[in-house]
Amino acid sequence: MNANTQALLATRRVGGIILYKPNIKDSSQLTSLVNELKQKNATNKLPLWIGVDEEGGRVTRLPDEIKKTPTNQEIGKKNNKQFAYNVGSLIGSELRAYGLNVDFAPVLDINSNPKNPVIGDRSFGASASLVNTLGMQMMKGLRDQQIASVVKHFPGHGDTSVDSHVGLPVVQNDLNRLRKFELLPFAEAVKQDADAVMVAHILLPKVDGQNPASMSKKIMTDLLRKEMGFQGVIMTDDMTMGAIEKNYDLGASAVKSVLAGADVIMVGHDYNKVVTVIEALRKAVQDKRIPQETIDQSVARIQKLKQKYKLKDESAGPVDTAALNKAVQQVLNTK
């Protein structure tokens with residue numbers, strides 16, 4: 001909690017904070033950080049989202065003293081619905097113990113390309129039905145613990161050979177192929193009223209030759225909203241990733257994303273970049289490039305999701321790490 005963070009909450013009124021591994025030292029530090037963030041936000045009308053990428057396996061943000069949950073790949077190999085639900089519920093209870101309320105999980109990408117440098121064991125497997133079945137169970141487990149679940153990375157990051165943290169992946173699949181394969185787990189998530197969908201920074205020239213998915217009206221509005229009927233919150237992946245930073249202007253990209261259908265712009269690193277995005281959006285509204293109605297619709301969706309889980313900026317902790325580790329062990333022991 002520094003002056004920049006305080007400014008983001010008190011002056012800029014951001015709707016949420018994402019924590020990464022460097023923000024987390026141990027259990028007591030994490031609890032006090034989360035509590036401080038909430039206290040600083042208490043004067044704002046809506047409670048704060050505080051989220052992490054807690055997927056299990058190597059993508060984990062929880063303090064090191066907490067036993068690790070298995071990778072999605074391991075869950076896929078077990079192929080047991082109850083086990084997938086139990087892991088989701090366990091992760092949800094861990095996050096809740098620390099006062100966190102959003103998980104950027106589960107990963108619904110199908111691991112169809114063995115050369116994929118970024119998904120791999122983060123996926124439940126190479127078949128759409130497996131990802132479908134286990135992903136929904138994990139999503140349900142998280143939500144039953146009152147954690148908002150953000151499924152990712154729409155419309156599917158499984159068939160890429162570039163890591164979007166580094167560069168812009170190009171995927172040569174057309175809509176026909178997407179509908180029959182990559183989109184199936186997301187379609188199921190929409191059917192089961194997914195809270196939020198995170199959109200990837202990938203370019204699909206056969207769908208939209210001009211814009212990556214995270215800035216594409218064809219992908220976010222025409223496909224996800226209109227064709228698939230998604231009513232929840234659409235988020236971008238982190239706009240400071242190489243896919244965007246190396247190819248586009250950050251402020252202009254944020255404006256484009258909102259016009260294309262994104263409700264939440266994620267800026268995962270660097271205070272100045274957050275300010276750049278907020279100012280770009282503010283100016284675009286003032287200049288009537290973004291209609292006020294577009295902003296109001298997004299705010300309504302965000303508000304609805306925050307109210308769904310009865311979010312409050314109330315303190316959490318202290319955390320009983322021994323009890324959490326016992327719970328992890330119990331889940332791991334179940335066959």
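I looked up Ile265 and, leaving aside neighbours within four places in sequence, found it in contact with Thr236, Met239, Ala254, Ser257, Val258, Val277 and Leu281; contact means heavy atoms within 4.5 Å. This is a predicted model, where local features need pLDDT of at least 70, side-chain atom pairs count only at pLDDT 80 or more, and totals for chains, interfaces and linings use all residues. Residues are numbered from 1 along each chain as its sequence is written, and side-chain values use heavy atoms, with hydrogens and water left out.

Next, the cores. I took a nonpolar core as a set of buried Ala, Val, Leu, Ile, Met, Phe, Trp, Tyr and Cys residues joined through side-chain atoms within 4.5 Å, buried being under 20% relative accessible area with a 1.4 Å probe, protein chains only. The largest has 82 residues, and Leu19, Phe154 and Ile265 have the most contacts inside it. Helix α5 (residues 128-144) gives the most to this core, 8 residues; helices are DSSP runs of H or I, at least four residues, and strands are runs of E, at least two, numbered from the N terminus. A second, separate core has 17 residues, including Val102 and Tyr309.

Then Thr69. I found Thr69 in the loop between β2 (49-52) and α3 (72-78). Thr69 counts as buried because its relative accessibility is 7%.

Last, a helix pair. Helices α4 (residues 81-97) and α13 (residues 321-333) pack at about 175°, axes 10 Å apart; axes are lines fitted to C-alpha atoms over the stretch in contact, and angles run from 0 to 180 degrees between N-to-C directions. I therefore noted α4 and α13 as roughly antiparallel, a term for angles over 145 degrees.

Methods
Buried < 20%, exposed > 50% of the residue type's maximum accessible area, 1.4 Å probe, protein only. Parallel < 35°, antiparallel > 145°, perpendicular 65-115°, else oblique.
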